[in-house]
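This report looks at one residue and one ligand site. The sequence and structure come first.

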Amino acid sequence: MILVTGGAGFIGANFVLDWLAAGDEPVINVDKLTYAGNIDSLHPHRYDLRHIFIQGDIGDRKLVSDLLQNYRPRAIVHFAAESHVDRSIHGPDDFIRTNILGTFHLLEAARIYWSGLPQPTHDGFRFLHVSTDEVFGSAAETDPPFAESARYQPNSPYSASKAASDHLVRAWHHTYGLPILITNCSNNYGPYQFPEKLIPLCIQNALAGKSLPIYGDGMQIRDWLYVKDHCSALRRVLQAGQPGETYNVGGWNEMANLDVVSTICQVLDELRPRPDGKSYTAQISFVKDRPGHDRRYAIDADKIRRELDWEPVETFDNAIRKTVGWYLDNKDWVENVTSGGYRNWMQQQYGT
Ligand code: NAD
Ligand code: DAU
């Protein structure tokens, strides 16, 4: 079996769902269930003996050590993190606690467990750390996309905390030999994403007749990857990645935020036209920019294609339609996650 951290969050839940659909290997899922964690996302597996859910903190070393000793997984896939840049600007504490200290405790628990494993399980063990392209900082318009060798230049409390965790993971390999793998991925979108992030937020607001808040001029560029493609990349890295190596994961799909939001509006115009016949683009509203906003993220995902024969299968046009369709079909999920705490966040971040 494998142990997943943060498997009730957006990418973690998609990973667990895809993992259990692809085979019979059980998953232990350790998640603290912060505001971003949602057990409803794993509803199809509520009675599935292959899915063992434990509500817990990765910083609780005793809990994690006990789980490792009791279940003896062959790998850890580490998603758990505080992940929203805007929240890290308002309050970095949880980002330092979970992303840096939590990863440290998890690494120590993993190292001690791995040291005691007999052969050949010891050599086959893997610690896969799921990280972000934001650690490379902001690329200029004409810069080539970031390769794995690009310099770390994180700019936000979130990306700095992720960069720190990457360094810890790397050091645990270099110093102790822990067989780690690191992936640095670009912006994900798809089902089960908490509606604080750009794409689900705009779908939600559009349907609720609210404004679609674009920071600054909306010309910031992100590389967008469908979450199911990210999950398939992670399975591939776990299966064939070389211990100690880093792999960039990206969608080869750089887009300006304004184009992303306009595309969502076009899809909604088609699937759920506004009663007044106008386009949802009428709801677009330019708001104050994010402090320290990175202008462009661009990922060179050639290494994973060359060495592990992985590349994304989805196009943005196709997958954004699927994503919008999912939010239209899963109103209950959205309503469950947009209760009290969510409304407080919207008030704090966007005012009325
Ligand atoms: P998310 O915020 O949706 O989910 C994070 C999950 O971690 C939640 O279920 C939460 O309850 C859990 N968690 C938080 N603190 C915890 C703790 N101390 N102990 C145990 N569980 C805890 O995040 P996501 O978007 O699914 O991102 C998952 C990982 O992928 C993160 O490490 C993130 O940095 C990385 N990543 C995300 C993206 C993206 O576009 N979303 C892109 C690249 C990398
Ligand atoms: O690049 C990978 C990263 O992508 C992950 O590591 C992070 O966990 C994930 O949150 C995401 O970070 P971003 O800051 O790029 O994602 P977000 O959806 O918050 O914002 C995407 C872009 O849209 C960014 O340029 C900011 C802008 N934006 C965002 C929001 C929430 C707006 O213009 N308006 C908004 O209301």
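The side chains of Asp289 and His293 are joined by a polar contact of 2.6 Å. The model is predicted. Asp289 sits in a loop, between strand 12 (284-287) and helix 10 (302-308). Its relative accessible area is 34%. Asp289 therefore counts as partly exposed, a class that lies between the cut-offs of 20% and 50%. Leaving aside residues up to four places away in sequence, Asp289 touches Tyr215, Gly216 and Gln220. Pro44 lies 245 residues from Asp289 along the chain, and their C-alpha atoms are 39 Å apart.

Tyr215 also takes part in the ligand 2 site, through a polar backbone atom.

| Residue | Polar atom in | Distance to an oxygen atom of ligand 2 |
|---|---|---|
| Tyr158 | side chain | 2.6 Å |
| Tyr215 | backbone | 2.8 Å |
| Asn257 | side chain | 2.9 Å |

How much of ligand 2 does the protein bury? Taken alone, ligand 2 exposes 690 Å², and the protein buries 95% of that. Two or more residues of the shell come from each of helix 3 (85-90), helix 7 (198-207) and strand 8 (212-215). Strand 8 gives the most, with three residues.

The shell around ligand 2 has 25 residues. Thr132, Asp133, Tyr158, Arg290 and Tyr350 come nearest. By class, the shell splits into 10 nonpolar, eight polar and seven charged residues.

Key. Residues numbered from 1 in each chain as written. Chains lettered and ligands numbered in written order. Predicted model: local features only at pLDDT ≥ 70, side-chain atom pairs only at ≥ 80, totals over all residues. Heavy atoms only, no water. Near = heavy atom within 4 Å. Polar contact = N/O pair within 3.5 Å; in protein donor to acceptor, adjacent residues only side chain to side chain. Areas by Shrake-Rupley, 256 points an atom, 1.4 Å probe, with all protein chains shown as cover. Helix = DSSP H or I, 4+ residues; strand = E, 2+ residues; numbered from the N terminus. Nonpolar A, V, L, I, M, F, W, Y, C, P; charged D, E, K, R; others polar. Buried < 20%, exposed > 50% of the residue type's maximum accessible area, 1.4 Å probe, protein only. Contact = heavy atoms within 4.5 Å.
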